[in-house]
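This briefing concerns the fold of one chain and the contacts between chains. Please consult the sequence and the structure shown here.

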Amino acid sequence: MDEFTIGVLTNIGLISFIALSAYLLLIAGELSFGQQAFFGVGAYAAGILTAIYGWPLPLAALGAMTCGAAAALLVGLPTLRLRGLYFAMATLAAAEMFRILFELFHFQRAIDGDLVGPDGTQGFRGIRWIFEHGIEPIHFLALVWALLAAAVIAFVLLERSRLGATLRATGLDPELAASVGVPILRVKLGVVAAAGALAALGGALFAHHNTYIEPRNFDIMLGVHSLAYALIGGLGTAFGPLLGVALDIGVLESTRFFHGYRMIVFGGLVAILLALRPRGLLDERFVHRIGAVFSRHGAARR
Amino acid sequence: MIADLLQNSLDGLAQGSSYALLAVGFTLIFGVLRQVNLSYGPAIMAGCYAATWTHLHFGAGLISLALIAIAGAVLAGAYVERLCFAPHRRAGAGSAVGSPVAAMVASFALWMQFEEAATVLLPKHLYAFPPLYSGAPLTFGPFFLRIEALVTLAAAIAICALLAWILWRTRFGLAVRAVIESQRAAELAGINVPWVFVRVFALASAIGGVAGYLVVATHGQITPMLGMWSTLKGMLAMMLGGLGSLPGAVLGGLVLGMIEVHSQWYLGPQSRDLIAYLLLFVLLALRPAGLWPARTQG
Amino acid sequence: MSAVLLQIENLVTAYGKIEALKGVSLEVAQGKITCLLGPNGAGKTTLMFTTAGILKPKAGSIRLAGEEIAGKAPHAIVERGIALVPENRLVFPHMTVLENLQAGAYQRSNRDEIEGDIEKMFARFPRLKERSAQEGGTLSGGEQQMLSVARALMSRPKLLLMDEPSLGLAPLVIEEIFRIVSELHRDGATIFLVEQNAHMALKLAHHFYLMEQGKVTFSGDRGSLAEDEVIRRAYLGTARS
């Protein structure tokens, strides 16, 4: 596989984390414009842990996820009772605050004669753990996708479990769910924290792949894009957001054909697609039908 | 000290006037369609870019440019309405379960289109825009007021008065208010609701076009960031004032302007946005209905 | 035999996969009061909404004075002369009583006629006249019902649909509502009325239908079924064998 393809596939994997993060909130019935904040928190946290404190990447990733969950709770607790657009705007405001804080954040240490660490708007360069440990791009790609696969498997298991059903029920009709005893506020908090951790993991990997991050990476565009990926790919399954990311980044990167016009074309296609399929490509109806095909096959074999 | 406070308040009101107009347009669309239109700002930007292009190639006067900006915004807005919102109307029985987010995400897709179209049309990141007024500001006592600020304030007042007249003194306004209060009751009363949507979109886009033109003509420059910026300011001001409330939109816009100018003065430029977002966050956590809540039902 | 004003044939309306109307057929005669009874969930409101254009049918036909109107937009239906007084009234809560009435006349253009009709509404419903500058949401339940009826009448409909006008109202108020329905009929209106209050409805109706689980299960004139039998079936449905 050539370097270019590896790069594209890695990018797809990285962005899928934040798309899955937005998806998790969506199926629980909440709209978030702000998952990019936790992606950023994860990136900065992991970067600081490896580049300044010399932690190994796996530990740093765990640290990043913890920070991401904590940051998410910081946002999620005061806004726990907010719903719909109110919650969405609160996440937007919070995410922008994080981004501005990243711009104001200076934390540099001298490591081997160089100044390493976040430098406000100048960004954070030198997150070189991957290169210092001789990890080839293809290995990193495998790592990203292995972790992503683990996340997707977790989602699939969740969907089949009672918790997953509870989640979707809460998403579709919170009053009904509450009336049958679902502790919707606790569910929401759990989802918010989990989504934050997931986004942070993606951010941690992102920081190490790029070796340089800056506050601009974590702006509203990333957040709205993630939401869009989740919806375009489809809300029926965790593969939906992945499909959304792959379509955008895959199509974007490979259609040099449309150079300079690709957003015009892609944007139009997305709008048309959504008019025809409001819940995305892999929506619940589609997933249900696929499931029915498989269970028919299973039944036939008995 | 007091002089600074008053001067900043004046500036804040002027700045806030354009925010108020943006918020009013955004609120009109939200109040009637119950949807967030992420292409609101980008459609305004499209109009302003059309005006910029015209100026670059034909050198038009201020009034003509304003009209082009408004017309462009209305056309762009109509495109958004047709492609993003008309297909996602609360469909009748028998259709697929819709998604309340789908129209909004579709409007995001068009936002991307508008941004790219702007850079295709005018590839440089920044273009000069003929300023509203190049002379010295008016002075009275220790205070000064730029002419552009005065024009913006006056325009905002005029447009709000016009909007109030439309809503309370015309048949169309009655229909708009009816749809805002209860779309179903409006349908039953024989109001052609889809047609109301189209006209409200045009009105909101026109108001936004005026706001956008004033912003761009005041700063003397235009960038593709105008789209996202306008939407953000409109949304922020709308939430501050109270979701879905028109008086709230005006109040929210003015308050936002004041907050920005004052925090920039006392705490430096980076604090400006930080304080505004912090205020919104705290407000949402404590009093989500906003500063001047809407009385309408969902 | 009066002429048939509204003819519904094999109407099917579905919510996604679930069919709420499974092939409904009925007729409303000109100048008469026709009543639709049935237990909750039978599909009566779905039928009203489909006739008024709020819902689109999947199949079947609705003909008003011979013209096919199934699937048309709600404002087009009002244009052709059908007005629905919905369940739960749905007055405009923050618009005044006067504005509510003006909204009902939205499609009409003759200012003088509209004002004349508003005066007539005030004469028929004096309490609305007292409260003409008050916001719709501040009215009592009974007054809101009257406002809802008056608003529907402002479009000068050929056919008035009423969905559960007595819902949630005190007995005295219910009597008043039904008195008004009687009056309207005396003045020549054709009324298609959905009611849970079978006792009152049967007093008024010239013809009635019973609907259960999306289909019409019985049709008859006043007196064709003993009242207690009708009430039983309306509230409890037919016993399944």
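Of the 241 residues of chain C, 45% count as buried. The model is predicted.

**Fold of chain C**

- Chain C contains 9 helices and 10 strands. Its radius of gyration is 17 Å, close to the 18 Å that the globule rule gives for 241 residues, so chain C is as compact as a globular protein of that length.
- Along the principal axes, the C-alpha atoms of chain C fill a box of roughly 55 × 40 × 35 Å.
- Among the contacts in chain C with a separation of 6 or more, 68% are accounted for by residues 24 or more positions apart.

**Chain C against chain B**

- Contacts link 28 residues of chain C with 21 residues of chain B.
- On the side of chain C that touches chain B, at least two residues each come from strand 1 (4-15), helix 2 (74-79) and helix 3 (97-104) of chain C.
- That side of chain C comprises 15 nonpolar, 8 polar and 5 charged residues.

**Chain B against chain A**

- Here 35 residues of chain B are in contact with 32 residues of chain A.
- Two or more residues of the side of chain B that touches chain A are given by each of helix 3 (62-85), helix 4 (102-121), helix 9 (226-241) and helix 11 (269-286) of chain B. Helix 4 of chain B provides the largest share, 11 residues.
- By class, this side of chain B has 28 nonpolar, 5 polar and 2 charged residues.

Terms used:
Residues are numbered from 1 along each chain as its sequence is written. Chains are lettered from A and ligands numbered from 1 in the order in which they are written. This is a predicted model: local features need pLDDT of at least 70, side-chain atom pairs count only at pLDDT 80 or more; totals for chains, interfaces and linings use all residues. Helices (H or I, at least four residues) and strands (E, at least two) are DSSP runs, numbered from the N terminus. The radius of gyration is taken over C-alpha atoms; the globule rule is 2.2 Å times the number of residues to the power 0.38. A residue is buried if 20 or more other C-beta atoms lie within 10 Å of its own, exposed if 12 or fewer, and partly exposed in between; C-beta atoms are placed from the backbone. Two residues are in contact if their C-beta atoms, placed from the backbone, lie within 7 Å. Ala, Val, Leu, Ile, Met, Phe, Trp, Tyr, Cys and Pro count as nonpolar, Asp, Glu, Lys and Arg as charged, and the others, Gly among them, as polar.
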